[in-house]
Structure formats: C-alpha cells, structure tokens
Amino acid sequence: MSWTLRIVMSAMCAMLLMPGEAQACERIAFDDDTIDKLWASEPIEETVLWFGACEDLRVYRNTIFARHGFDFENEWVLAWFTDNEPRWKPVTGMDNAQVEGELSQVDWANLKLVQTVEKQSSCDEHWKARE
C-alpha cells in the first residue's frame, strides 16, 4: 500500500472516531518495510515515522534490540515479537548493556530518530495509561 493511501486511510479512520480513540486506527499506518530496514540495520527516514501510532514506534525501536537477541521483559513487547517476528531469537539474559555494545552507528541513529518521534507523540503518556 502506498504511503499516500496509508495517510489518507489513517486520517479518515481517525476522523470517524471519538476523541481519544485514534489508536484504534494504529494498524493502518504500520509499515513492514520499516521493520525490514531496521532488521537489516539500514537507515530509515523520519517521514515514515510521522503517521505511526505509539505501538508502531515501540515496535520499530525494539526491533533494533530484537535483532541482537534482546530478551524482552515487557509483556506487550514480548507478545508482539513472539507473535509477529520469526527472525527474533531471544538470548536468555541478554540485557541493554550487551545489546548497546553491539549497535552500529546506523542503529544508534535510527534509535535516536524513533525515540524523538515517540517523545513528540507523547508515547510515554500513552504507555503509562495502558500499563
């Protein structure tokens, strides 16, 4: 599906919902190509993140860690990668420090970009309300 169509569909979906229910449109903006780029440690563009829901952004950020075998403890993230990402092979006991030591410059740039968009989208507040 083209990005133009994704944007239009996401906007139409959000307009039909009551305030505060826009997250119900989250799957429309999800982009598997972005997951593949992150998995391959390729640079991503900020524009692909603009229309992602907090769920999408969280998956994008954690894909960087999943590629290195990070052993997720968060139930939502663990369930998503278990159900949706066959390339993820968790390494028992793999922690942040170990993964961070393996990240490339591209990984760090992608991570910073996703975190910036998450902050601009108030995703911390979104997740605090859900968890």
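**Salt bridges in close-up**

Five salt bridges are present in the structure, which is a predicted model. Side chains of opposite charge can pair when their charged atoms come close.

**View 1. The salt bridge between D36 and R87.** The closest N and O atoms of D36 and R87 are 3.0 Å apart. D36 belongs to helix α3 (residues 32–39) and R87 to the loop between α5 (75–84) and α6 (96–100), so this pair ties together parts that lie 51 residues apart in sequence. D36 is partly exposed, with a relative accessibility of 38%. R87 is also partly exposed, at 35%.

**View 2. D36, E85 and R87.** These three residues are linked in a network of salt bridges.

**View 3. The salt bridge between E55 and R130.** Here the closest N and O atoms are 2.2 Å apart. The pair links distant parts of the chain, with E55 in helix α4 (residues 54–66) and R130 in helix α8 (residues 123–130), 75 residues apart. E55 has a relative accessible area of 1% and is therefore buried, the cut-off being under 20%. R130, at 45%, is partly exposed.

**View 4. The salt bridge between R67 and D107.** The closest N and O atoms of R67 and D107 are 2.4 Å apart. R67 sits in the loop between α4 and α5, while D107 is part of helix α7 (residues 105–120); the pair links distant parts of the chain, 40 residues apart. R67 counts as partly exposed, with 23% relative accessibility, whereas D107 counts as buried, with 1%.

Definitions and conventions:
Residues are numbered from 1 along each chain as its sequence is written. This is a predicted model: local features need pLDDT of at least 70, side-chain atom pairs count only at pLDDT 80 or more; totals for chains, interfaces and linings use all residues. Side-chain values use heavy atoms; hydrogens and water are left out. A salt bridge is a side-chain nitrogen of Lys or Arg within 4 Å of a carboxyl oxygen of Asp or Glu. Helices (H or I, at least four residues) and strands (E, at least two) are DSSP runs, numbered from the N terminus. Buried means under 20% relative accessible area, exposed over 50%, partly exposed in between (1.4 Å probe, protein chains only).
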